Amino acid sequence: MNPVLHSPPKITVGVTEACPLRCRHCYADCENAPKAGELDAQQWIALLRELSDQGVIQVYFEGGEPLVKPGMLDILRACSPTMMTKLRTHGWGLDDTLAKALADAGLGRALVDLAGANAATHDAETGVAGSFQQSCEAIVALTRVGIPVDALVILTQQAAPELQAMADLVAGLGATRLGILRLYPMGRARQAWSELALSLDEQMAAIAAVRPPAGLGIMQSWHPKDRNCCWQAAAINAFGRAIGCMYLREYVDFGDATKTPYGEIFRGNAQYRALREGPVEESCGDCTAPQGRPGGCRSTAYAWHGRWSAPDPFDLTLNHGIDLRTLPPARLDG
Ligand code: SF4
Ligand code: SF4
């Protein structure tokens, strides 16, 4: 059984929804400029100090592109003495100088996105020439200053045939793990779904075919191999709203984390509690494992079935013939 948590141990923060890239799948529908109402660096520092005082021991920064957030290094410096810090980036501008500054600011781990094993595939996804080179150089620069790096790839039609080449590439660049992530029907990914999405069988076959080179770990976000993380999840979007998980960003709003302590929202919001602890209609055997909440990911369960208690169609045993290449009408319209 999971321990009952009264406040979250870890938090994800989307510090900005600005980004210089134009990924076809971007869940935050990012543009170059920040959106109106985003918290500034001082507001983030105040909020994250409060979270640290409430017992949060890890903060994971994402975006948008966190490296274009004004004051990002100040935010890191403020967090790193009391919390493990992780940062997800496409490596924009991440040269040796910036890598050194990130190390000096106390960054604990970096996660660098790649969309393919070569510039043609990657740059076609990001819409920006040279972005593949940037991601690769970022992995090298971070590794050189001693920051451990996970490379991340979202499993799409374009990335699947290149998974093995990506594993070989990132191992050579110095990454310690390759995280293979599922595609979620949010933001621009909804519009481009038919050009990006694979069936569940295609996804499973692509992952099973990867033979990681020595020293490279493989992570993957399919239940039950990767356990449901809702039971402990906490996230705040760029506007200071508590949303539980970045993959719930289009479905929930649990309140203003700048006005109400996150722990109060965590305990007090009935929908949030139901997502973490509520019953699910169906589950698979592995879900009894410690720290696993049954039924798979709540985000994709809701996206396909419109019910928070529904089974996750990205789980082989719970898929029941759903073709993940086709979105349900509510997601196509919504
Ligand atoms: S790099 Fe990330 S934030 Fe930027 S456009 Fe791509 S998916 Fe969106
Ligand atoms: S919605 Fe999915 S990815 Fe997000 S915390 Fe829940 S299980 Fe994890």
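Q: Which residues in α4 meet which residues in α5?
A: In this predicted model, A119, H122, D123 and T126 on the α4 side meet S131, F132, Q133 and S135 on the α5 side. By class, the residues of this contact divide into two nonpolar, five polar and one charged.

Q: Why is α4 called roughly perpendicular to α5?
A: The axes of helix α4, residues 119–126, and helix α5, residues 131–144, come within 8 Å and cross at roughly 110 degrees. Angles of 65 to 115 degrees count as roughly perpendicular, and therefore α4 is described as roughly perpendicular to α5.

Q: What makes T126 count as buried?
A: The cut-off for a buried residue is 20 or more other C-beta atoms within 10 Å of its own; T126 has 27 C-beta neighbours inside 10 Å, and therefore counts as buried. T126 has its place in helix α4, and, with its neighbours within four places in sequence left aside, T126 is in contact with L21, R22, C23, H90, A115 and S131.

Q: How many residues apart in sequence are T126 and C23, and what is the C-alpha to C-alpha separation in space?
A: T126 and C23 lie 103 residues apart in sequence, while their C-alpha atoms are 3.9 Å apart in space.

Q: Which residues surround ligand 1, and how do they divide by class?
A: The shell around ligand 1 consists of C19, L21, R22, C23, C26, A28, C30, G63, G64, E65, H90 and T126, and these divide into six nonpolar, four polar and two charged residues.

Q: How many residues surround ligand 2, and which are the closest?
A: Ligand 2 is surrounded by 10 residues, of which the closest are C229, C230, A233, C245 and C297. The shell around ligand 2 has seven nonpolar, two polar and one charged residues.

Q: How do you know that the radius of gyration of the chain agrees with that of a compact globule?
A: For 334 residues, a compact globule would have a radius of gyration near 20 Å, and the chain has 19 Å, so the two agree. The C-alpha atoms fill a box of roughly 50 × 45 × 40 Å along the principal axes, and buried residues make up 47% of the 334 residues.

Q: What share of the contacts between residues at least 6 apart in sequence joins residues at least 24 apart?
A: Of those contacts in the chain, 72% join residues at least 24 apart. The chain itself has 13 helices and 10 strands.

How values were computed:
Residues are numbered from 1 along each chain as its sequence is written. Chains are lettered from A and ligands numbered from 1 in the order in which they are written. This is a predicted model: local features need pLDDT of at least 70, side-chain atom pairs count only at pLDDT 80 or more; totals for chains, interfaces and linings use all residues. Axes are lines fitted to C-alpha atoms, for helices over the stretch in contact, and angles run from 0 to 180 degrees between N-to-C directions. Helices (H or I, at least four residues) and strands (E, at least two) are DSSP runs, numbered from the N terminus. Angles under 35 degrees count as roughly parallel, over 145 as roughly antiparallel, 65 to 115 as roughly perpendicular and the rest as oblique. Two residues are in contact if their C-beta atoms, placed from the backbone, lie within 7 Å. Ala, Val, Leu, Ile, Met, Phe, Trp, Tyr, Cys and Pro count as nonpolar, Asp, Glu, Lys and Arg as charged, and the others, Gly among them, as polar. A residue is near a molecule or strand if its C-beta atom, placed from the backbone, lies within 6 Å of it. A residue is buried if 20 or more other C-beta atoms lie within 10 Å of its own, exposed if 12 or fewer, and partly exposed in between; C-beta atoms are placed from the backbone. The radius of gyration is taken over C-alpha atoms; the globule rule is 2.2 Å times the number of residues to the power 0.38.
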